[in-house]
Each structure stands twice: as structure tokens, then as C-alpha cells.
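Please read the report below alongside the sequence and the coordinates.

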Amino acid sequence: MKTIKKLFILGLMLFAVTSCMNDYDEPTFTTPPFGNNSIGEANYTIEELKNKYKSTIAASGVEEIKEDITIEGVVVANDESGNIYKQFVIDDGTGSIIIGVNDVGLYAIMVRGQKIAIDCKGLYVGGYGKLAQIGGLYNGKIGRMQKALYPKHVKLIGEPAEDYHGLEPKVIDASFFENSNKELLPMYVRMNNVSFVEANGTSLYAPEDEANSSNVVERRIKMDNANVIFRFSTYADFANVVLPQGKFDIVGILTRYNDYWQFMLSSTSDIYPVNN
């Protein structure tokens, strides 16, 4: 009788434990597992931020952001292909800016189409060859923020979406390069009906034997009478692919290095053949 009673009590205990386990709420992940979710809404646009520090950027200087400045933007370029290194680019519809982080594999979180907020206070803004960038201090110049700081200054907003306004590139033509527009850079752009000058059926995007000391191969894209330097890394996953011949529409980040126009490609999927 005592044995039956003990078994009965044991059964009740197992039932209670099982019931508790079944009542456990599965995590919903409505709160992003990465970043600082206490960051508030944007109080500056990217255009306003670039204008505020315009003289510092134009002088290739660097300055610590000491005010409470928060910007928001959508990731329009990242390091997934390996052509961009330790950087990603965000756009909010008013402009774009490069975010430098001393880490690799940023694309795992900074997915293209992901909207984010950045708490800029305590970070640095400056010009790398007069090109606007947010990051950290490196040898008295603008560099990348440290890996440990990165999640403290970033908040993810919603899920990645391809229809964010910030993903709409500005369409530019050859006349854009005839005017003094370099102070607007970086800029998320689309260039239509262009071609690769070096494309001959055998030339590769970025072979190691043609690289400079920074492991970069420079190619030219031709748009009417304008030529723009196209920078490709030998570490890109398409480095040893043959340059395509013909006419293309290309989407990417128009940049500068001092007074030279340059172009930064996130992926070859942003090169669209033109059917004439």
C-alpha cells in the first residue's frame, strides 16, 4: 500500500513538472539580440550631420562627436562579398555615410535593407581623403571604431526590407561629374548605360598581379565622356571573374579620394546588363 502511495505521489510530481515545462513561453525575439535598444529616435539626418562637420570632413580632419546626436539609416552596402572591408554604408534618403568598425563579417548583422539607429556621441566623424566617415580615432585621423564599442552605439530597427526609401539610389548621368558635387559624397547611386574600359574578354576584376600595395585593382567605368575609377579588392569573392563586356546599369556607392572620383561596389548582383 505504501509503495502504491509513493508511486501516486511521484506521478503527481512528474505531472506538475511537465505542466510547468509546457507553460514555458517560447522567446519571441521581438527585442533584437544585438545592439543597444535604449538608443532613441534620430534627431539629425545624415545630411545635417555631414553639414555640421563639413569643414572637418573637407580638411580630411577628425573630430569627436560630443553632442547627443542620433542618426538613422538603411544599410545599402556591406562587406559580404569581401570587396568592402570593415565598413558598411547607410542611407536615410538625405544622404549616405560610411561606418567604420574594426571587425569582419559585419554583413551577418548589417544586412542590406536593415534599418539602424546610431548613437554618435563619443564616436568620431571625419574625412578619409575628404570622404565622410563615422568611426574611431586612428593615429590622429578618422579610422574604425573598436569592436567593443560597436554594439553600444547601434540599434537595429525592425526587419530588413527591400522597399525602404533609403534603398532608392540617386540616378546620375555624366553631367554630375562636370559639377562640384564631391562634397555630397559618399552617395548611393545608379549609373545607367556604362561600360568597363578594361573589359576585353580576358581581363579579371581584381587579379593579385595587378594589385597595388593596398590589395586593390583600379578599373575604369565609362559613362559618355566621363571615366570613374572602380576600386576592386583582391579579397572580393569575384576578384578572379572576367570583367563583363557590354553596357550595364550599375548600383553602388560613389566615393572620392581627395579630388578623385571613385566607385565602391557591394556585390556583382548590382551590375545589370542593358538589353539594347
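## Salt bridges

A search of the whole structure finds eleven salt bridges, a salt bridge being a side-chain nitrogen of Lys or Arg within 4 Å of a carboxyl oxygen of Asp or Glu. The model is a predicted one, in which local features need pLDDT of at least 70 and side-chain atom pairs count only at pLDDT 80 or more, whereas totals for chains, interfaces and linings use all residues. Residues are numbered from 1 along each chain as its sequence is written, and side-chain values use heavy atoms, with hydrogens and water left out.

One of the salt bridges joins aspartate 103 to lysine 147, with the closest N and O atoms 4.0 Å apart. This pair links distant parts of the chain, since aspartate 103 lies in the loop between β4 (96-100) and β5 (115-119) and lysine 147 in the loop between β8 (141-143) and β9 (154-157), 44 residues apart; helices (H or I, at least four residues) and strands (E, at least two) are DSSP runs, numbered from the N terminus. Aspartate 103 has a relative accessible area of 18% and is therefore buried, where buried means under 20% relative accessible area, exposed over 50%, and partly exposed in between (1.4 Å probe, protein chains only).

## A salt-bridge network and a further pair

Lysine 130 forms a salt bridge with aspartate 259, and the closest N and O atoms of this pair are 3.9 Å apart. Because lysine 130 lies in the loop between β6 (124-128) and β7 (131-138) and aspartate 259 in the loop between β14 and β15 (260-264), the pair ties together parts that are 129 residues apart in sequence. Lysine 130 is partly exposed, at a relative accessible area of 25%, while aspartate 259 counts as exposed at 52%. Lys130, Arg256 and Asp259 are linked in a network of salt bridges.

Glutamate 210 and arginine 219 form another salt bridge, with a closest N to O distance of 3.1 Å. Glutamate 210 counts as partly exposed, at 42% relative accessibility, whereas arginine 219 counts as buried, at 5%.

## Aromatic rings

A pair of aromatic rings is described by the distance of the centres and the angle of the planes. The search of the whole structure finds 15 aromatic pairs, for which rings of Phe, Tyr and Trp (its six-membered ring) must have their centres within 6.5 Å, with planes under 30 degrees apart counted as stacked, over 60 as edge-to-face and the rest as tilted. The rings of phenylalanine 196 and tyrosine 205 have centres 6.1 Å apart and planes at 85°, so this pair is edge-to-face. Phenylalanine 196 and tyrosine 205 are both buried, and they belong to one aromatic cluster together with Phe230, Phe232, Phe238, Phe248 and Phe263.

Lysine 52 lies over the face of tyrosine 53, at 5.9 Å from the ring centre; a charge sits over a ring if NZ of Lys or CZ of Arg is within 6 Å of the ring centre and within 35 degrees of the ring normal.

## Strand β11 and its partners

Strand β11 (residues 187-196) has seven of its ten residues buried, so it is largely enclosed by the rest of the structure. Two strands pair if DSSP finds at least two bridges between them. With strand β10 (residues 170-172), β11 pairs in the parallel sense over three bridges, and valine 171 stands opposite arginine 190 of β11.

With strand β14 (residues 248-257), β11 pairs in the antiparallel sense over six bridges, and the bridge partner of methionine 187 in β14 is leucine 254. The pairing of β11 with strand β12 (residues 216-223) is antiparallel over two bridges, with isoleucine 221 in β12 as the bridge partner of phenylalanine 196.

## Two buried residues

Serine 203 is found in the loop between β11 and β12 and is buried, with a relative accessible area of 16%. The side chain of serine 203 reaches the backbone oxygen of glutamate 198 at 3.2 Å. Not counting residues up to four places away in sequence, serine 203 touches Glu198, Arg219, Val241, Val242 and Leu243, contact meaning heavy atoms within 4.5 Å.

Valine 89 has its place in strand β3 (residues 87-91) and counts as buried at 1% relative accessibility. Leaving aside neighbours within four places in sequence, the residues in contact with valine 89 include Val74, Val76, Ile98, Ile253 and Met264.

Terms used:
A polar contact is a pair of N or O atoms within 3.5 Å; within protein, one must be able to donate a hydrogen and the other to accept it, and residues adjacent in sequence count only if both atoms are side-chain atoms.
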